[in-house]
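Below is a short report on strand pairing. It covers sheet order, partners and one hairpin.

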Amino acid sequence: SFSTKRTIVVVNNGDTVELFQNGESLGKKASTIYAPPLYEVDLEAGSLNAIVHKNGELWGKAQYTLPGKPAGIKLELQNLEVKGDNEDVAIVNAYIVDSEGRRCVESGIYVDFAWNEAGEWVSGGTLGSRHIREQGNTGGYMGPHIDVVRGVCQGYIRSLAVEGDLVISASAEGLAGDTLVIKRSKVEAAASVPETPSNYISDWK
């Protein structure tokens, strides 16, 4: 699972760096462009701020917002459009988010996908190929019980040729779930080409 302890590298071209977490200084360190300072940080929700000086003058500033503890799931559709034609597949990302909706980077959480009668499960997987290989599943076909890697996993649901919206939901133990309603129109399958007898001679004299 996710550990809050991280090594933070402050890449810069100044000569000194001071790193702050939620307003508290984590120390001022010398720096060069080839040897940026490293900070061992126990991350907390809030912000990291780096202040860089060069020759005694302010040279640059940077801020990174840190998420809080996982609180829920956020579903997002990657497709621009999904048709109800038995062929289109909805590609759905399930992100782990904190109480403010900020993306988390946890691993080891399992997300369960579900869908209505307008859908059919195809496959799913994580976005971390290394993790998939460690599970012995090099193709990445999994689910619908999907292991999250660095805060995200995917589900692939075929859109069937029936009336109505495609409704996809995701849940995980201890987290608020989410539901995605995909508006689409039913597309009739193309008419099949009638069979035509072959015109060739089969009985030579």
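## Basis

This is a predicted model, in which local features need pLDDT of at least 70, side-chain atom pairs count only at pLDDT 80 or more, and totals for chains, interfaces and linings use all residues. Residues are numbered from 1 along each chain as its sequence is written, and side-chain values use heavy atoms, with hydrogens and water left out.

Strands are DSSP runs (E, at least two residues), numbered from the N terminus. Two strands pair if DSSP finds at least two bridges between them.

## The four-stranded sheet

Four strands form an open sheet in the order β3-β2-β5-β6. Their pairing is antiparallel. β3 (24-30) and β6 (57-66) are the edge strands; each has a single partner strand, so one side of each lacks a neighbour in the sheet. Neighbouring strands are turned by 15 degrees against each other on average, direction ignored. Axes here are lines fitted to C-alpha atoms, and angles run from 0 to 180 degrees between N-to-C directions.

β5 (residues 46-54) pairs with β6 over nine bridges, in the antiparallel sense. Ile-51 sits opposite Lys-61 of β6.

## The β13-β14 hairpin

β13 (residues 166-172) and β14 (residues 175-182) are antiparallel and share six bridges. Ala-172 faces Leu-175 in β14 as its opposite residue. Two residues lie between the strands of this hairpin. In the turn, Gly-174 has a positive phi of about 80 degrees.

## Partners of β9

β9 (residues 110-115) pairs antiparallel with β11 (residues 145-147) over three bridges. Tyr-110 stands opposite Asp-147 in β11. β9 also runs antiparallel to β13, joined by four bridges. There, Asp-112 has Ser-171 of β13 as its bridge partner.
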